[in-house]
Amino acid sequence: MSVRVRRVYEPPEPDDGLRVLVDRLWPRGLGKDAARVDEWPKGLTPSTELRRWYHGDGGSYEEFRERYEAELAAPEAAGLLDRVRDRARQGTVTLLTASRDTGHSHAEVLARLLED
């Protein structure tokens, strides 16, 4: 199983496999053709409230991760997570995000959960 996290602003690479946008909002200034997004499961993205808390109040990454994992346990999100996990078993899945710090983003939380 291969799950990668990349910024959506980076040019697509041939070994990206399935390119999945995991942000709730479309990235600013990026055309859909340039992004080459294969799937955009908005149900996998953190809720608006959680995003605002994490980015606005300076919440810790550990607490964000715990809250986000709780959101991902809901039936709709869990089903989407299983679907992407199945695709990752078949080949490479690249999770795309506009986050500058991908190592402390929701995309990294997703990647870790997908590889479990």
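Predicted model: local features only at pLDDT ≥ 70, side-chain atom pairs only at ≥ 80, totals over all residues.
User: Why are H3 and H5 called oblique to each other?

Analyst: The axes of helix H3 (residues 61-72) and H5 cross at roughly 60 degrees and come within 10 Å. The perpendicular class runs from 65 to 115 and the parallel class is under 35, so H3 and H5 are oblique to each other. Their crossing is right-handed.

User: Which residues of H3 and H5 meet?

Analyst: From H3 these are Tyr61, Phe64, Arg65, Tyr68, Glu69 and Leu72, and from H5 His106, Glu108, Val109, Leu110, Arg112 and Leu113. Sorted by class, the contact of H3 with H5 has seven nonpolar, one polar and four charged residues.

User: What makes H4 roughly perpendicular to H5?

Analyst: The axes of helix H4 (residues 75-90) and helix H5 (residues 106-115) cross at roughly 65 degrees and come within 9 Å. The perpendicular class is 65 to 115, and therefore H4 is roughly perpendicular to H5. This crossing of H4 and H5 is right-handed. H4 contributes Leu81, Val84 and Arg85 to the contact, and H5 contributes Leu110, Leu113 and Leu114.

User: How do you know which residue in the contact of H4 with H5 is charged?

Analyst: The contact of H4 with H5 has five nonpolar, no polar and one charged residues.

User: Why is H2 called roughly antiparallel to H3?

Analyst: The axes of H2 and H3 come within 10 Å and cross at roughly 175 degrees. Angles over 145 count as roughly antiparallel, which makes H2 roughly antiparallel to H3. On the H2 side the contact is made by Leu50, Trp53 and Tyr54, and on the H3 side by Tyr61, Glu63, Phe64, Arg67, Tyr68 and Glu71. By class, that contact has six nonpolar, no polar and three charged residues.

User: Which helix gives the largest share of the lining of the largest pocket?

Analyst: Helix H2 (residues 48-56) does, with three residues. The largest pocket has a volume of about 640 Å³. It is lined by 21 residues, and those closest to its centre are Asp23, His55, Thr97, Ala98 and Ser99. The lining has eight nonpolar, six polar and seven charged residues.

Terms used. Residues numbered from 1 in each chain as written. Heavy atoms only, no water. Axes fitted to C-alpha atoms, helices over the stretch in contact; angles between N-to-C directions. Helix = DSSP H or I, 4+ residues; strand = E, 2+ residues; numbered from the N terminus. Left-handed = near helix turned anticlockwise from the far one by under 90°. Contact = heavy atoms within 4.5 Å. Nonpolar A, V, L, I, M, F, W, Y, C, P; charged D, E, K, R; others polar. 1 Å grid on protein atoms, 1.4 Å probe; cavity = no way out; pocket = protein on both sides within 12 Å on 5 of 7 lines; lining within 4 Å. Points joined across faces, edges and corners; volume = space filled by probe spheres on them.
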